[in-house]
Each structure stands twice: as structure tokens, then as C-alpha cells.
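User: I want to go through the labels used for this model and see what stands behind each one. Please show the structure.

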Amino acid sequence: MAMAPTVKVVLGSIAFAVFWVLAVFPAVPFMPIGRTAGSLLGAMLMVLFRVLTPDQAYAAIDLPILGLLFGTMVVSVYLEKADMFKYLGKLLAWKSQGARDLLCRICLVSAISSALFTNDTTCVVLTEFVLKIARQQNLPPHPFLLALVSSANIGSSATPIGNPQNLVIAVQSKISFRKFLFRILPAMLVGVVINSLLLLCMYWKLLSVQKDVEDATAEVVPEEEVVSHRFSPATMSHLSSLNSQELNNTLDSIAISSSPSANGHTNHADTLRNRANVGESEIQKVSSGGFDSSRNSSASKEGLNDGSIQKREENIVSSKRVSSVNEYEDENFTSYDEKENFPKVWKNMLWKICVYLVTIGMLIALLMGLNMSWTAITAALALVVLDFKDARPSLEKVSYSLLIFFCGMFITVDGFNKTGIPSALWDFMEPYSKIDHAAGIAVLAMVILVLSNVASNVPTVLLLGGRVAASAAAISPDSEQKAWLILAWVSTVAGNLSLLGSAANLIVCEQARRAQHFGYNLSFWSHLIFGVPSTLIVTAIGLMLIRG
């Protein structure tokens, strides 16, 4: 492609530079508007500078990719609602055999779940759970957070729905879900194993010591909180407020729900309320009497016999009355709640099973080669219908800002392509990047690796995808598919190089830092120390396992 006129090249480069700065550094001081607004600003500048016409800008938006992305996000929302990720979290803590066993489990669970539910979703829902398990077992969180995010990035490379750049590659290359999966799966599995071994080697000594050596002020999380995965501990009310307020409310609910003619049930509830009030007053009298007796020891000694006998009688009467209340609660309230909640429990369980079956059906349809976008949208709408509720709360959890970011990015990257700069750069690198020999694959991998960390992986795929595929197609049709798969593998694993290389990295970093009571700061350099060797080794070995 020939270079565009100089004015168009300059203005298009300025628009793309604005997009790049705000995409890589969303909180830049001179314009802290974020990635989504930055992508829209870049798209608007492309049209305003007349690099693209409005019709060309609309045509640049890839609707199949947006549809696939939307569908998978909705399915992930309902899977989280059906406690899928809660069960994955419990799997991490189930019969754990120590720190090294826990680290290997995190690598495996993170890789598999990210391949099926995207790496970003996996990191969002598992980061706090991994922190809680590490704190509960008195272990340093650093290796486990690295295991979570690095395995999520590697695992997401195996499927077209694992990450956004794979969505773009699958749609543009028209490689089927099944072929995509089986061509990259060996590299993914070996990559996860190697990544786990590197983690064990680098942090072997750290995993052998207790957490208090690294941070003596860290808070240990109780085991019950880890198993239940609750984000705020429950508090218990005082006995007097519990007896007086909650019991009366319960009695009122029984009186209202029961008919007046139902064997005098209403009168019985009133009688029980009177007994509870009398019992509570007697308890307060006894406690106040004990307090007064401690204050006036001389007076209590004079009337010891009569006072002690009278108080014993009062204690016996009050304890009998309170025990009658408790017996009624155990015999009537428990059975009432069980009868009321039994159908709800089974209904909820049946709904969860339906959600899992719909998800499995979606994966089977994708493996059969059906249209990926409409398969994901169909599964999403099936879950909405099965929920049989207003879908607005669930649909509000979809990241519409990500969809808008993609729209702006499609327009901005297409405008930058029309300047001719990417084509000129590729024409210079193409002779050295032929995938029919090992040196060419190494050069191509390094170009993708650097661009993915400089310009982010999705823009890299949009900029290089068509050119790399066209160059490989001149060799053979199989080489074209291999080029797309190499692009998918390298651009995904490249996210492990630095903290800024992948959105999943930033998610784990922010989630860990903001976690209440057990927050941890995963720094840029601590990630880089592990990320560089892991990325280079895993990428190189995976390239040898990918076939066209």
C-alpha cells in the first residue's frame, strides 16, 4: 500500500498517538479521561482530520467481534450468578497439601477457566479468593498472584473466546473453534506446566517459609471466611435485642401469614409473645439484682437466706419460660422455614444446572463449527429467558465500556492503516519474517512481542493480522493458518512480559491492592522479574508445538 499524502499521514499519526497514549496510560496527567474515552477521541480525530469518511468509520466497526464479545460476557455474568467461580475457588482450597500444591492448583484452575470464560473474568473473580487462601494459610501472596495472572494469560490462548485478540483473529481468519483449540492446545498445556515449574524454581524458598517472615503485620483470614468466600464478616446482635425485636417480628409474621380461624394460631402467638416479654423482664431483674447485690454487699449479707431462695425461684421460673420459647422456635419456626425454603432450594439448584447445560451446549456448538457470534448471543439470550426475571441487573454487569473501546479502536486503527505507515514498516520487516524457516518465525515473534507490549495486543493484531496472513498465504494455505495461530499465541503470552502488557495483569494488580483487610501491592518490577524469563521461555517452546 502506497503512502498517503503527507498531511493525511501527519494528522492520522497524531490521532493514533492520542489513542495510544490514553490506551497505555489511561490516567495521564494532562488528559486523565481513560481508555474508553481515549479510543473514542482517536476515532473522532480520524474523522475530523478527514483521514476517514464517516461511512468508512462506521464500516470499520467489526460487528461479529462485538457480538461474540457481548455474548461471552453475558454468559460469564450468569455463570458467576450460578456460583461457577465460587466452586472453582473452593476447588483451590479443597484438601490442599501445602504452598506448592496450592500454587500448582491455581495455575491449572486459572488456565482452564480463562480458556472458557476469558482471562479478564477469571482474574476478576479469583484474585480476592487467592489472596484469602494465602492469608488463611499464612503464605506470601506474591507467587500466587503471579501464578493466577500468568496462567490466565497462557490458558486464554487456547480458544477464540479466551481473550479479545483471539476473538479478532478467529473472526478475521475464519478458523473454526475446533481447529483453533486443537492447534494451540498442546502449546498451552506445555506452557502452563513450564510456567508452573518456573514459579516453583524462582519462589521455592519463599514458599517454604511462613508469611510472618515476610509481613508480620498481615491479617490471617479464618478458614470459614475462605470457604464461604464472603467479603464481610457477620456480626451477632446482643441477647436482649435479639429476644425482644427479632422474636416479636417473627411472631408478627406468623400471625399475619396465618388465618384467624386456623385453630387459634393467632392467640397462641400472642400468648407466646407475652411469655417472651415476661421471660426477658425476669432475666433483666435477675441481672440487675445481681448487680445491686455486688454494690451493696452488707445489705445482701443480712438477708442472705430469704433473698437467695427468692432469686433461685425467679431464675427457675424465668429459665422455664425462656426454654418454652426456644422449644417453640425449634419445633415450629424451623419446620416452617424448611417447608418455605425447600422449593426455593430445588428451584435454584435446577436453574444452576440449566445454566451449566446451556454453557456446555454453547461450547459444543462452537466445536461443531457454528457461527461463533450468533452462538454466543443465542446462549446469552437463553440464559436470560431461563432466569425468568428482569434482565437489567444482569445486563448492567456487562462491560459496555469495553465494547465502546473496541468500536473506537476499530476506527482508529483502520484510519492509521490508511496512512500507509504500517504497510511501509511491514514491507521492511517481511523479508526477515517468513514463517517457512526458524529464523523468520523468531523475528516475527519478536516483532509481535515488542508491539504487543508497546501498542497493546489487540491493536497489534489489528495492525499486523492481515499483512502477516497475506505474506504467509504466498507460501501455502497451511502457512496462512499457522501465521494466524502464531499471532494468537505470541500476542497472548506477550501479556506476561510486563504489568502493562495485558489488561488481566492490571486487573489482578488493582484487585489485590484494593482488597479489604488483606490487600497486597504487586509492583511493576516484581512482576517484571518473573515475567521476562517466563514469557521468553514459554513463547519459544510454544512456537515449536504450533502446527498449521
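User: How many helices and strands does the chain have?

Analyst: The chain has 25 helices and 0 strands. Keep in mind that this is a predicted model.

User: What part of the chain counts as buried?

Analyst: Of the 548 residues, 46% count as buried. The chain exposes about 27400 Å². Carbon and sulfur atoms supply 63% of that area.

User: Which share of the contacts between residues at least 6 apart joins residues at least 24 apart in sequence?

Analyst: That share is 78%.

User: Why are H7 and H8 called roughly antiparallel?

Analyst: The axes of H7 (residues 119-136) and H8 (residues 142-155) cross at roughly 160 degrees. Angles over 145 degrees count as roughly antiparallel. The pair is therefore roughly antiparallel. The axes come within 9 Å, and H7 passes H8 in a right-handed crossing.

User: Which residues of H7 and H8 meet?

Analyst: H7 brings Asn119, Cys123, Leu126, Thr127, Val130, Leu131 and Ala134. H8 brings Phe144, Leu145, Leu148, Val149, Ala152 and Asn153. These residues divide into 10 nonpolar, 3 polar and no charged.

User: What are the crossing angle and the handedness for H4 and H17?

Analyst: The axes of H4 (residues 63-81) and H17 cross at roughly 35 degrees. The axes come within 8 Å. The crossing is left-handed.

User: Which residues meet there, and how do they divide into nonpolar, polar and charged?

Analyst: On H4, the residues include Pro64, Ile65, Leu68, Val75, Tyr78 and Lys81. On H17, they include Met372, Ala376, Ile377, Leu383 and Asp387. The contact of H4 with H17 divides into 13 nonpolar, 4 polar and 2 charged residues.

User: Where is Leu386, and why is it called partly exposed?

Analyst: Leu386 is in H17 (residues 372-387). Its relative accessibility is 36%.

User: What does Leu386 touch beyond four places in sequence?

Analyst: Leu386 touches Trp351, Cys354 and Val358. Trp351 is 35 residues away in sequence. The C-alpha to C-alpha distance between Leu386 and Trp351 is 7.4 Å.

User: How do you know whether His527 counts as buried or exposed?

Analyst: His527 has 3% relative accessibility. Buried means under 20%. His527 therefore counts as buried. The residue is in H25 (residues 524-545).

User: Which residues is His527 in contact with, leaving aside neighbours within four places?

Analyst: His527 is in contact with Leu146, Asn496, Leu497, Ser498, Leu499 and Asn505.

User: What makes the phi of Lys174 worth a remark?

Analyst: Most residues other than glycine have a negative phi. Lys174 is not a glycine, yet its phi is positive, about 60 degrees. Lys174 is in the loop between H9 (164-173) and H10 (177-202).

User: Why does Lys174 count as exposed?

Analyst: Its relative accessibility is 72%. Exposed means over 50%. So Lys174 counts as exposed.

User: What is the phi of Phe388, and where is the residue?

Analyst: Phe388 has a positive phi of about 55 degrees, although it is not a glycine. Phe388 is in the loop between H17 and H18 (392-395).

User: How do you know whether Phe388 counts as buried or exposed?

Analyst: Phe388 has 76% relative accessibility. The cut-off for exposed is over 50%. Phe388 therefore counts as exposed.

Methods. Residues numbered from 1 in each chain as written. Predicted model: local features only at pLDDT ≥ 70, side-chain atom pairs only at ≥ 80, totals over all residues. Heavy atoms only, no water. Axes fitted to C-alpha atoms, helices over the stretch in contact; angles between N-to-C directions. Helix = DSSP H or I, 4+ residues; strand = E, 2+ residues; numbered from the N terminus. Parallel < 35°, antiparallel > 145°, perpendicular 65-115°, else oblique. Left-handed = near helix turned anticlockwise from the far one by under 90°. Contact = heavy atoms within 4.5 Å. Nonpolar A, V, L, I, M, F, W, Y, C, P; charged D, E, K, R; others polar. Buried < 20%, exposed > 50% of the residue type's maximum accessible area, 1.4 Å probe, protein only. Areas by Shrake-Rupley, 256 points an atom, 1.4 Å probe, with all protein chains shown as cover.
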